[in-house]
Amino acid sequence: METINAVQEEIVEEFSMFDDWMQRYEYMIELGKSLPLIEPKYKTEDNIIKGCQSKVWVHADLKDDKLVFTADSDAIITKGIIAILIRVFSHQHPDAILEANTDFIDKIGLKEHLSPTRANGLVSMIKQLKMYAIAFKTQLN
Amino acid sequence: MDVQKIRKDFPILHRKVNGKPLVYFDNAATSQTPVQVIDTIVEYYQKYNANIHRGVHTLSQEATDAYEASRQKIQKHFNAAHAHEIIFTSGTTHSINIVSNGYAELLKQGDELIVSALEHHSNIVPWQMLCEKTGAQLKVIPMNEDGVLIMSEYEKLLSEKTQLVFVNHVSNALGTVNPIEQIIKKAHAVNAEVLIDGAQSAPHIKADVQALDVDYYVTSAHKLCGPTGIGMLYGKQSALKRLPPYQGGGEMIAEVTFEKTTYADLPHKFEAGTPNIAGGIAFGAALDYINHIGMEEIAAYEEKLLIHATAALMKIPGVKIYGIAPQKTAVISFNVDGIHPYDIGSILDKLGIAVRTGHHCAQPIMDYYQIPGTVRASFSFYNTIEEIDLMVEALNKAIQMLQ
């Protein structure tokens, strides 16, 4: 598996092909369609990420020593955002997830979504993925 | 009404958002501020900023005079019998909390309060807290599919146990105008008091508190072209005298000893501490501005915007409008089949159009329709037909992207 940085660079490169926000959003929506979907039994209230105007469910499993994320959202832009995050963080070791920075969001022209007050809760999503990493790290030790 | 001339008074309407001219359709959340009001605030800080009601010096006198003149403007606008029936607050929520906190001492176990199904959270939560404290019961007037309160159900809820009825004049989420005249009359018939939340109605419908015979009427200046952080509580003199004070502090006392404090007369009994003086003065300036244009002219013009927008949105396949009361203000809450309101709001923002998405702090209404939220476009007298057409165009673009 590639490193988190390598995946991020790959995504930045893909997004650099587009000139305007509309194409970037359309691509993000496309990426949302390839999101590894959460199993219906995990689509519970407990797995909803707080702080989002739309619903986002995330579930994590440990495979060997790597975390594998699945998710879903009822809004398609949000689904695109979580799909990008999962592509970056899935199949990685909890340590790598915890160390990762998320500057690439800015580079792909989604900076406005990084504001903590933004209702889509991108910040909450990143926090939740990292929380899973902390939880599973304890298990590994 | 010359809308192009009016728009010149609002500097913010000429800015760009995401490279596009701003189309501001979130007026139900907060209205924009004309230069006349902005200048009032600037002038206060530049020329006569001082604490009021205490100082003997000139600045304090000038500030006190301006603040009290503003109270009189508010009294006149809402036709209150006395200026001291107008209490300055930080806004509608604060006003409601003054009444609900005072009521904590007036209620006993078994008393009942009535609320409508169309309320904003700020007109639900303080009363729920009050019920928890006092053991009183909260009853809800249900609404129908059109977003209209079912008055026959209201009548069934009223009894000698009813102490207070609180209803908004206009629903923030749907724009429904509630029949407050009837609501007040029927409540008074069982000797209950009535609080009307005018946060959404005050910009569109002038309330005459004496004609309504309402006990409490509350609103915020920032929905009325005024600044944020200032609002009012109107209470009938007899009601305010009965209501215990909410906060203790300076200004609200007549005499203080360590044995006993006696409270000041109205309105100071409810105005503890140094108030938002600039805001209070600007509130009056905002009413001057609106009255200069004319509330009736404003209502007639906004009605045109509402009709145009409703017709245009209904032409778009898959659009469902929530709240189709025969009496409504210039608010349209809608969804597009199969698309989350958040997605639409995000794309519209990219195209320079500011709408609200979400549950609008009225979750019970969203639960009724079993939806996560809506897109809400709310219009003001400085909006134009052309702006509505821009929104419709942007919405079509959004639907194309999202479907």
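Predicted model: local features only at pLDDT ≥ 70, side-chain atom pairs only at ≥ 80, totals over all residues.
Colleague: How do you know what confidence chain B has?

Modeller: From pLDDT, the predictor's confidence in each residue, on a scale from 0 to 100. Chain B has a mean of 94, and 100% of its residues reach 70 or more. The model as a whole scores ipTM 0.86 and pTM 0.91.

Colleague: Which elements make up chain A, and in what order?

Modeller: Chain A has six helices and two strands. From the N terminus they run α-α-β-β-α-α-α-α.

Colleague: What makes chain A as compact as a globular protein of that length?

Modeller: Its radius of gyration, taken over C-alpha atoms, is set against the globule rule, 2.2 Å times the number of residues to the power 0.38. For 141 residues the rule gives 14 Å, and chain A has 14 Å, so chain A is as compact as a globular protein of that length. Along the principal axes, its C-alpha atoms fill a box of roughly 45 × 30 × 25 Å.

Colleague: How many of the residues in chain A are buried?

Modeller: Buried residues are 38% of the 141. The test counts other C-beta atoms, placed from the backbone, within 10 Å of a residue's own: 20 or more is buried, 12 or fewer is exposed, and in between is partly exposed.

Colleague: Why is His53(B) called partly exposed?

Modeller: His53(B) has 18 C-beta neighbours inside 10 Å, so it counts as partly exposed. His53(B) sits in the loop between helix H2 (35-47) and helix H3 (58-77) of chain B.

Colleague: And Asn191(B): buried or exposed?

Modeller: Asn191(B) counts as exposed, because it has 9 C-beta neighbours inside 10 Å. Its loop runs between helix H7 (180-189) and E8 of chain B.

Colleague: What is the phi of Asn191(B)?

Modeller: Near 65°, a positive value in a residue other than glycine. In general, most residues other than glycine have a negative phi, and most peptide bonds are trans. His91(A) also has a positive phi, about 60°, and is not a glycine. His91(A) lies in the loop between H3 and helix H4 (94-99) of chain A. With 17 C-beta neighbours inside 10 Å, His91(A) counts as partly exposed.

Colleague: Where is the peptide bond that is cis?

Modeller: From Leu266(B) to Pro267(B), with omega near 0°.

Colleague: What makes E1 and E2 of chain A a pair?

Modeller: Two strands pair if DSSP finds at least two bridges between them. Strand E1 (residues 56-63) and strand E2 (residues 66-73) of chain A are joined by eight bridges and run antiparallel, so they pair. Trp57(A) has Asp72(A) in E2(A) as its bridge partner, and Ala60(A) stands opposite Phe69(A) in E2(A). Two residues lie between the strands of this hairpin, where Asp64(A) takes a positive phi near 55°.

Colleague: Which strands of the open sheet in chain B are the edge strands?

Modeller: The sheet has seven strands in the order E4-E10-E9-E8-E7-E5-E6, with mixed pairing. Its edge strands are E4 (86-89) and E6 (137-141) of chain B, each pairing on one side only. Inside the order, three bridges join E8 (residues 193-197) to E9 (residues 216-220) of chain B, and these two run parallel. Leu195(B) stands opposite Tyr216(B) in E9(B).

Colleague: How do you know which residues belong to the contact of chains A and B?

Modeller: Two residues are in contact if their C-beta atoms, placed from the backbone, lie within 7 Å. The contact takes 13 residues from chain A and ten residues from chain B. On the side of chain A, helix H2 (21-33) and helix H3 (76-89) are the elements that give two or more residues. H2(A) gives the largest share, four residues.

Definitions and conventions: Residues numbered from 1 in each chain as written. Chains lettered and ligands numbered in written order.
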